[in-house]
Structure formats: C-alpha cells, structure tokens
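Me: I am new to this structure. Please walk me through how to read it.

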Amino acid sequence: MSVTAENFSWLISNFVDDVPGVDHAVVVSSDGLVLTSSRDFPEEHAEQLAAIASGMHSLAVGGAKLFAKGECEQLIVRMQRGHLFVMSISDGSCLAVLTAPTADMKIVAYQMTRLVENVGHALTPQLRSQLREVIGN
C-alpha cells in the first residue's frame, strides 16, 4: 500500500478514536465498495455498512436533483441505539459513520465536515484504485 493510502486509512481510524461517541467509519466508493474502514470494524460489517450508505446516499442525491434542492450534503439516521451519518466526499463517494446514542450529533457532523474538507481532495482515482486493491486482498 502506498504511503498516501496508508495515511488515508490511518486518518479514518484516527477520526474514530478522536471524536467522542463515534464507533466506526467507512469510506465508500460511488459503486458501494469499501475503500477503507476504521480499525477493529469487522470486514463483513464494513461491507454491509458500505452497501447501506451507498444506497441511501444515491437515493438522497437523486431526490435532491429531482426536487431541485441543490447538493445532498449529509444524511442522518437516528436509531434507538445510535446514529448513522453519511456525508458526500467527491465523485459519488461518501463517508459513513456509526455513533453511540450518547454522541453529540453537532460535534460528529462538524468533525466529519472537517475531515471531508481536509482530505476529500486526496481521494483521487489513483488512491481509490490502491484502496480497492488492498481491500480486495
């Protein structure tokens, strides 16, 4: 794995470690594949979350276009035992984050925005390809 791919994966795990109440995170390609996930998130669960996030993201983007509401920036699903946040990164990819029920939603959303703004540009087609190769192995 290239240094850039390693750093990107490290940033996602570091985000989970540093933001209170965040349990897991995955970066999902536009076609629903896991590009990277946080440490200690079982691969099977990461793939399931990627499929869910990709589908929800696609529906929200399509709905925003259909009703001329601009770009879809973020989805939040409130569940009894936590939250699911999905945020656009670039070119159809997204960041999906699972939180504990006690997580401060404003802080999670703010930190996700910072992460996407600071590293979203690094998610180039070349990096996506490298991350897919690692996940595939």
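This is a predicted model: local features need pLDDT of at least 70, side-chain atom pairs count only at pLDDT 80 or more; totals for chains, interfaces and linings use all residues.

Me: How many bridges pair β1 with β5?

Reply: Strands (E, at least two residues) and helices (H or I, at least four) are DSSP runs, numbered from the N terminus. Two strands pair if DSSP finds at least two bridges between them. β1 and β5 have 6 bridges, in the antiparallel sense.

Me: Which residue stands opposite Val28 in β2?

Reply: Val34 does. β2 covers residues 34–37 and runs antiparallel to β1, joined by 3 bridges. The two strands form a hairpin with 5 residues between them. In the turn, Gly32 has a positive phi of about 85 degrees.

Me: Why is β1 described as largely enclosed?

Reply: Buried means under 20% relative accessible area, exposed over 50%, partly exposed in between (1.4 Å probe, protein chains only). In β1, 5 of the 7 residues are buried, so the rest of the structure largely encloses this strand.

Me: Which residues touch the most other members of the largest nonpolar core?

Reply: In soluble globular proteins, nonpolar side chains tend to be buried together. A nonpolar core is a set of buried Ala, Val, Leu, Ile, Met, Phe, Trp, Tyr and Cys residues joined through side-chain atoms within 4.5 Å. The largest has 21 residues here; Phe15, Leu95, Val97, Val108 and Met112 touch the most other members. α1 (3–18), β1 (22–28), β4, β5 (94–99) and α3 (105–119) each give two or more residues. α3 has the largest share, 6 residues. A second, separate core of 16 residues includes Val26, Leu49, Ala53 and Ala96.

Me: How much space lies in the largest pocket?

Reply: Rolling a probe the size of a water molecule over the atoms shows where empty space is left. On a 1 Å grid over the protein atoms alone, a pocket is an open set of points where a 1.4 Å probe fits, with protein on both sides within 12 Å along at least five of seven lines; lining residues have an atom within 4 Å of a point. Volume is the space filled by probe spheres set on the points, which are joined across faces, edges and corners. The largest pocket holds about 260 Å³. Its lining has 14 residues, and Val61, Glu71, Cys72, Glu73 and Ser88 are the closest to its centre. α2 gives the most to this lining, with 4 residues.

Definitions and conventions:
Residues are numbered from 1 along each chain as its sequence is written. Side-chain values use heavy atoms; hydrogens and water are left out.
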